[in-house]
Amino acid sequence: MACPDGASGLWVPPLAAAAPRGLCTDCGISRTAEPKRCGQACQFIAPDYPAREAQVHGRSRDPGRRDELHFGPFRRMLRASLRAPLAGAQWTGIATRLGERLLQQGLVDAVLAVAPDPTDSWRPMPVLVTEPAAMAQCRGMRMGYAPLLALLEPARARGFRRLAIIGIPCQVYALRALERELGFERLYVIGTPCSDNTTTERFHEFLALLAEDPSTITYLEFRADYHVELRFRDGRVREIPFLQLPISKLPADFFPLTCRTCVDYTNVLADLTVGYMGGQGEQWLLVRNQRGEELVALLGEELRATAPGSAGKRHNAVAGFLKNVERAAGGLPLRAMPNWLRPLMGWLMPRVGPRGLEFARTRVEMKAVETVLHLRARHPRRLRHMVPAHVWALVRPYGLVPREGERR
Ligand SMILES: Cc1cc2nc3c(=O)[nH]c(=O)nc-3n(C[C@H](O)[C@H](O)[C@H](O)COP(=O)(O)OP(=O)(O)OC[C@H]3O[C@@H](n4cnc5c(N)ncnc54)[C@H](O)[C@@H]3O)c2cc1C
Ligand code: SF4
Ligand code: SF4
């Protein structure tokens, strides 16, 4: 049932059913009046990143500009935090605070984002926010797929012409592909990076491996210092080194093929990307175009910002990861590190492993490696249309080159 937003400032229009699709993260397009648009909009069918980047930023990524091959076009990068972190936010709350500021300033009619589903706080529920204070309800990360773009039609029908969207890369790709025909007067796109998503149901299986009382976990984040942080309802906080995570206990299909093969980690088509990977313990902003500059300016003195740092070397970490993915893609179990070595490595990695921007480059290259190897193993014919040239350039230093028929 549609939830009126009069009092709460949150509107939850009803969703149509999703149309059956192959590789699909239910971005919402298949639930619209014209589900066939998936063919032109989908990141998993035949994405054209150079054309979309030129459409949005006025140019495609320039491999000659440091870091654009990895992170997509940008004007500047910042290591940043809100001086007063917001309660319940995933990091300090830059993403939702931007939505709040846009509404406060009357620059948009609504913000399209996700809030926790009332029946399961980990499940993302797409919402249209019309009151600044209601952005607080969207703070924090949900795990699972949110049919965000299904709300574009209700938004237009209700007369919203100026819209902001906070979304993950597979949602933003489809949005940009259809942006012109959607006909909004003004669109602000705040993107977050995204990787290793899975269905909400499967995510609960992961939580059950991490704690005896998984239903009391309220927060989880894979931090850039190689630890997962868990927060519990009673205020407890637990930090687990990545190497001590029970990843090898997860079933082989825990991460869906979509999320092991998507080709945009850093949300290259957003006006502003708000992540943490390159932030060394703070948030990481990529200001990609003039609209991104406008967004950052909305935060004024609330934002503390410095230049991002970079340290360590990624090559060996990515090469080792490639070997493990080759085993996994070939159906073999992940190689678990011997127990005696784990505490030592868990101590060493935050100190000598890639940090800051080098950590972000490492993760982007790892994701590119996964894309190529998993598609080769499961959908070899898709490589030709799904894998853009920049992904091949990222994996070349590790000996992965396109085979006959794998490139357009
Ligand atoms: C599945 C997932 C994986 C991520 N992986 C990475 C990563 O590897 N590296 C990295 O730097 N950042 C990643 N992020 C982004 C990161 O978790 C933070 O959301 C981001 O840094 C913004 O923090 P914040 O405090 O400003 O956000 P907040 O102000 O707390 O706002 C969070 C925003 O995220 C949106 N959101 C939450 N869950 C979802 C969802 N499932 N689908 C769509 N939108 C959602 C909400 O609408 C909200 O606007 C990931 C996000 C998601 C959803
Ligand atoms: S991800 Fe979106 S565009 Fe792609 S098939 Fe699914 S609904 Fe359609
Ligand atoms: S990992 Fe990629 S495909 Fe999966 S939800 Fe995130 S952006 Fe979408």
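Predicted model: local features only at pLDDT ≥ 70, side-chain atom pairs only at ≥ 80, totals over all residues.

Residues are numbered from 1 along each chain as its sequence is written, and chains are lettered from A and ligands numbered from 1 in the order in which they are written.

Ligand 1. It is surrounded by 32 residues, the closest being Ala-89, Trp-91, Thr-96, Ala-113 and Gly-275. A residue counts as near a molecule if its C-beta atom, placed from the backbone, lies within 6 Å of it. Two or more residues come from each of α4 (94-104), β3 (110-117), β5 (162-167) and β10 (272-275). Helices here are DSSP runs of H or I, at least four residues, and strands are runs of E, at least two, numbered from the N terminus. The most come from α4, with three residues.

Ligand 2. Its shell has 13 residues, with Cys-24, Cys-27, Ser-30, Cys-38 and Cys-42 the closest. Both α1 (38-41) and α6 give at least two.

Ligand 3. Around it are, among others, Cys-170, Cys-194, Cys-259 and Cys-262. At least two residues each come from α6 (169-182) and α8 (257-261).

Last, α12, residues 357-378. Why call it largely enclosed by the rest of the structure? Because 17 of its 22 residues are buried, meaning 20 or more other C-beta atoms within 10 Å of their own, with C-beta atoms placed from the backbone.

Key
Buried ≥ 20, exposed ≤ 12 C-beta atoms within 10 Å, placed from the backbone.
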